[in-house]
Amino acid sequence: MTDTATRPDTLPALDSLAATLTEARERTLAIVQRVSDEDLALQHDPLMSPIVWDLGHIAHFEELWLTRNLDGPIEFVEMPGLFNPFENPRRVRGSLPLPNREGALALMAEVRERVLDRLESLDVGSDDPLRHDGYVVRMVAQHEYQHDETILQTLQLKTGEPYRAPRVEVDASLTGAPIAVDDRAMVRFPGGVVDVGTSDRGAAYDNERPRHLVALAPFSIDVAPVTNRAYLEFVRDGGYTRRELWSDAGWAWREQEKLIAPKGWRPDGDGYTERFFDRVRALDPSRPVCHVCYWEADAYARWAGKRLPTEAEWETAASWDHRTGRKLAYPWGDGAPTLAHANIDQLRFDTAPIGTYPRNVSPLGCYGMIGDVWEWTSTDFHGYPGYESFPYKEYSEVFFGPEYKVLRGGSFATRAGAIRNTFRNWDYPIRRQIFSGFRCARDD
Ligand SMILES: [Fe+2]
């Protein structure tokens with residue numbers, strides 16, 4: 001029996017708000033359908049929630065925003081319960097009296113039924129920015145998309161029987177024939193004043209707003225994410241044992257955790273294997289390195305005589321179109337991603353060799369900025385000048401500060417509706433459970 005899924009090879013048309021929610025739910029259910037009851041209930045890692053908690057939290061969040069807050073606003077933190085992330089931080093979620101699979105799915109279905117009823121009378125013409133054009137519905141769908149990726153991180157981390165990933169092979173008739181991309185090449189941005197962020201109110205989160213101007217000095221940036229080939233050179237050149245390549249905090253973490261290679265690499269003969277869910281293969285030199293933390297990315301960049309890009313540089317490399325003097329929503333243009341564009345949306349459940357998606361190139365000439373692996377930047381997570389929290393400060397604002405680094409671009413596990421050039425993700429610099437890689441930059 002083959003283990004590939006029977007999903008269609010195009011993305012579904014999200015022609016109504018209800019269809020958007022329905023499609024988001026179908027994906028969540030398709031992911032957990034292949035997970036045993038035991039694996040759903042277990043806290044597999046202190047970093048991650050038991051998967052049933054994610055399911056209950058998806059329902060809790062939806063109930064808060066698409067029922068209660070449509071009928072008279074209450075504060076995010078005011079909605080108490082098992083599934084409030086601030087009341088119950090990750091480390092305690094394994095000992096909560098959580099429902100079983102049936103209980104979690106019933107809760108999700110019960111909330112959804114009330115939400116679909118309520119949507120029929122939602123005033124999308126309202127001046128209220130939450131309701132206007134159905135923003136709040138897209139926000140709730142994006143939240144579910146993001147938790148799907150979190151669940152997949154858990155399934156990648158877990159020990160025991162590996163997750164049987166419902167892989168969909170996307171062939172070259174859709175993407176175009178793969179092209180050769182030189183992973184040593186860089187492209188140059190001549191410097192100048194650029195637009196960063198967006199003022200979009202249709203889908204963007206508060207932390208992506210407002211669009212503002214930033215002056216950039218000339219820089220060069222890698223044409224592709226750092227590949228396994230290049231990263232292996234760093235490893236073989238003593239990258240993990242050379243103190244001078246690491247920051248103080250990075251070195252302390254390397255020593256404490258005894259890091260010797262990316263998470264997921266296993267020594268095998270004189271090389272390594274790499275694992276994505278139920279697929280183990282010899283390290284493929286042509287694919288982006290995955291599951292590295294910020295400190296590893298930073299040490300690699302120093303070894304290469306480069307540095308990590310700032311997020312403004314990253315966004316410029318992904319979006320700036322010198323031909324028209326304006327920025328694009330995606331590297332290839334303003335059209336939403338399809339399966340032909342990038343390795344996203346939980347299809348391959350794996351990275352792809354660089355050059356697999358010839359359309360995934362920005363006007364500056366950078367490949368693979370959307371999809372495959374999240375890319376670490378050197379920027380701390382902060383609000384942009386003029387930032388206003390909307391609709392609740394617990395999404396972004398409570399995380400602003402120097403302890404988090406920004407990641408950009410999404411991974412193969414990111415749903416298409418939860419990624420764009422301006423999308424900002426953030427995490428602690430020690431985190432490696434993310435599907436994370438990086439590319440380097442250099443002053444020019
Ligand atoms: Fe959440």
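I take helices (H or I, at least four residues) and strands (E, at least two) as DSSP runs, numbered from the N terminus. The model is predicted, so local features need pLDDT of at least 70 and side-chain atom pairs pLDDT 80 or more, while totals for chains, interfaces and linings use all residues. Residues are numbered from 1 along each chain as its sequence is written, and side-chain values use heavy atoms, without hydrogens and water.

Entry 1, pocket. On a 1 Å grid over the protein atoms alone, I count as a pocket an open set of points with protein on both sides within 12 Å along at least five of seven lines; a cavity is a set where a 1.4 Å probe fits but cannot get out, and lining residues have an atom within 4 Å of a point. I looked up the lining of the largest pocket and found 37 residues, with Arg-90, His-147, Thr-150, Phe-399 and Trp-426 nearest the centre. Helix H3 (51–66), helix H5 (135–157) and strand S12 (425–427) each supply at least two lining residues. H5 gives the most, with 7 residues.

I fitted axes as lines to C-alpha atoms, for helices over the stretch in contact, with angles from 0 to 180 degrees between N-to-C directions. The axes of H1 (residues 17–33) and H4 (residues 101–119) come within 11 Å and cross at roughly 175 degrees. H1 and H4 are therefore roughly antiparallel (angles over 145 degrees). With contact meaning heavy atoms within 4.5 Å, Leu-21, Arg-25 and Leu-29 are among the H1 residues that meet H4, whose contacting residues include Leu-105, Met-108 and Arg-112.

Note on methods
Parallel < 35°, antiparallel > 145°, perpendicular 65-115°, else oblique.
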